[in-house]
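Colleague: I would like a close look at a single part of this model, followed by an account of how that part connects to the rest. Please keep the wording plain.

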Amino acid sequence: MDSLGGTAAAIVLIVLIVFVIIVLVRSIRIIPQARAGVVERLGKYQRTLNPGLTILIPFVDRLLPLLDLREQVVSFPPQPVITEDNLVVSIDTVVYFQVTDPRAATYEIANYIQAVEQLTTTTLRNVVGGLNLEEALTSRDQINGQLRGVLDEATGRWGIRVSRVELKAIDPPHSIQDSMEKQMRAERDRRAAILTAEGTKQSQILTAEGQRQSAILKAEGDAKAAILRADGEAQAIQKVFDAIHKGNPDQKLLAYQYLQTLPKLAEGTSNKLWIIPSEVGEALKGIGGALGGADTNGVAGLFGNKAAAGAAAPDAAPRPPEPTP
């Protein structure tokens, strides 16, 4: 009997120990950081647990699954959307949201993630349905802003704050993609042709400008060279004239220099006719007189009647006056 009583007492003690352990386990709860728990007492909302250590009443209080208070990122599968110009495009969306009220997220909506997905799809169709394909492809910021505004307003009573909505991809039909590629290729070819034409035009303009500047500089150089040559010839003539006047030449020396100049008139292979001026006779007479009274009439007769005619008509071509000392 004593052994049976001892065994029963041991079993009761073990049961009590197990019961105490279960009570302690169900009474003491630790809530991690960035988590929140909703406590129900006898099936009714009692309070929201914050991160830290908390004690519950066993078999009376019930802790619901913890909620994540961090910002969450959910990527939704592609959704077909019809644009204003009746084209079906596939749009992928990414939603960034955060639970701000654990009680509302638990009791106001059954599945807030699914609710956000469906609301995003319907709102996206409403927004993109008022845009054509080109506007939908180039107005992502506008679409994101409209989606965020609608979602944030609708999910506010669920205890959720939508911080950002992004369109991950907008895929038009394949036929439209081919047409867009052809259009872009034609646009690039047009731009390349325009750039080439502009480059050729600019090159021709620069070439013409360079040739004009070169012609101007060449003309200026030729003009300056002609002016310098004329100045040099004038200075040379002036020096010769001054030297003649300073040397006080007589008639004999002038006649001799005149005769030395005559052969230069016949220089060149193209000269077929040599006309002797009428003053040659007078020059020869002066030379003959200088040589001691030689027969000047005979020398003059060597050059024909032109010399005699030139001597007989002094008024027709008067000689320049002799320089005075």
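Which residues line the second largest pocket?

Modeller: This is a predicted model, and what follows should be read with that in mind. The lining of the second largest pocket is made up of Leu 87, Leu 133, Glu 134, Leu 137, Thr 138, Ile 176, Met 180, Glu 181, Gln 183, Met 184 and Glu 187. The elements that each give two or more residues to this lining are helix 4 (133-138) and helix 6. Helix 6 supplies the largest share, six residues. Sorted by class, the lining has six nonpolar, two polar and three charged residues. The volume of this pocket is about 310 Å³.

Glu 187 is partly exposed, at a relative accessible area of 25%. Arg 190 is also counted as partly exposed, with 44% relative accessibility.

From here we can move on to the salt bridges elsewhere. The whole structure contains eight of them according to the search. One joins the side chains of Asp 68 and Arg 35, with an N to O distance of 3.7 Å. This pair links distant parts of the chain, since Asp 68 sits in strand 6 (residues 67-68) and Arg 35 in strand 2 (residues 35-41), 33 residues apart. Arg 35 is partly exposed, with a relative accessible area of 25%.

Another salt bridge is formed by the side chains of Glu 40 and Arg 62, at 2.8 Å from N to O. Here too distant parts of the chain are linked: Glu 40 is in strand 2 and Arg 62 in strand 5 (residues 61-63), 22 residues apart. The two partners fall into separate accessibility classes. Glu 40 is buried, with a relative accessible area of 9%, whereas Arg 62 is partly exposed, with 46%. Glu 40 counts as buried because its 9% is under the 20% limit.

Setting aside neighbours within four places in sequence, Glu 40 is in contact with Tyr 45, Gln 46, Val 60, Asp 61, Arg 62, Leu 64 and Tyr 107.

Finally, some context for the protein as a whole. It has 10 helices and nine strands. Of its 325 residues, 22% count as buried. Among contacts between residues at least 6 apart in sequence, 62% join residues at least 24 apart.

Technical notes. Residues are numbered from 1 along each chain as its sequence is written. This is a predicted model: local features need pLDDT of at least 70, side-chain atom pairs count only at pLDDT 80 or more; totals for chains, interfaces and linings use all residues. Side-chain values use heavy atoms; hydrogens and water are left out. A salt bridge is a side-chain nitrogen of Lys or Arg within 4 Å of a carboxyl oxygen of Asp or Glu. Helices (H or I, at least four residues) and strands (E, at least two) are DSSP runs, numbered from the N terminus. Buried means under 20% relative accessible area, exposed over 50%, partly exposed in between (1.4 Å probe, protein chains only). On a 1 Å grid over the protein atoms alone, a cavity is a set of points where a 1.4 Å probe fits but cannot get out, and a pocket is an open set with protein on both sides within 12 Å along at least five of seven lines; lining residues have an atom within 4 Å of a point. Grid points are joined across faces, edges and corners, and a volume is the space filled by probe spheres set on the points. Ala, Val, Leu, Ile, Met, Phe, Trp, Tyr, Cys and Pro count as nonpolar, Asp, Glu, Lys and Arg as charged, and the others, Gly among them, as polar. Contact means heavy atoms within 4.5 Å.
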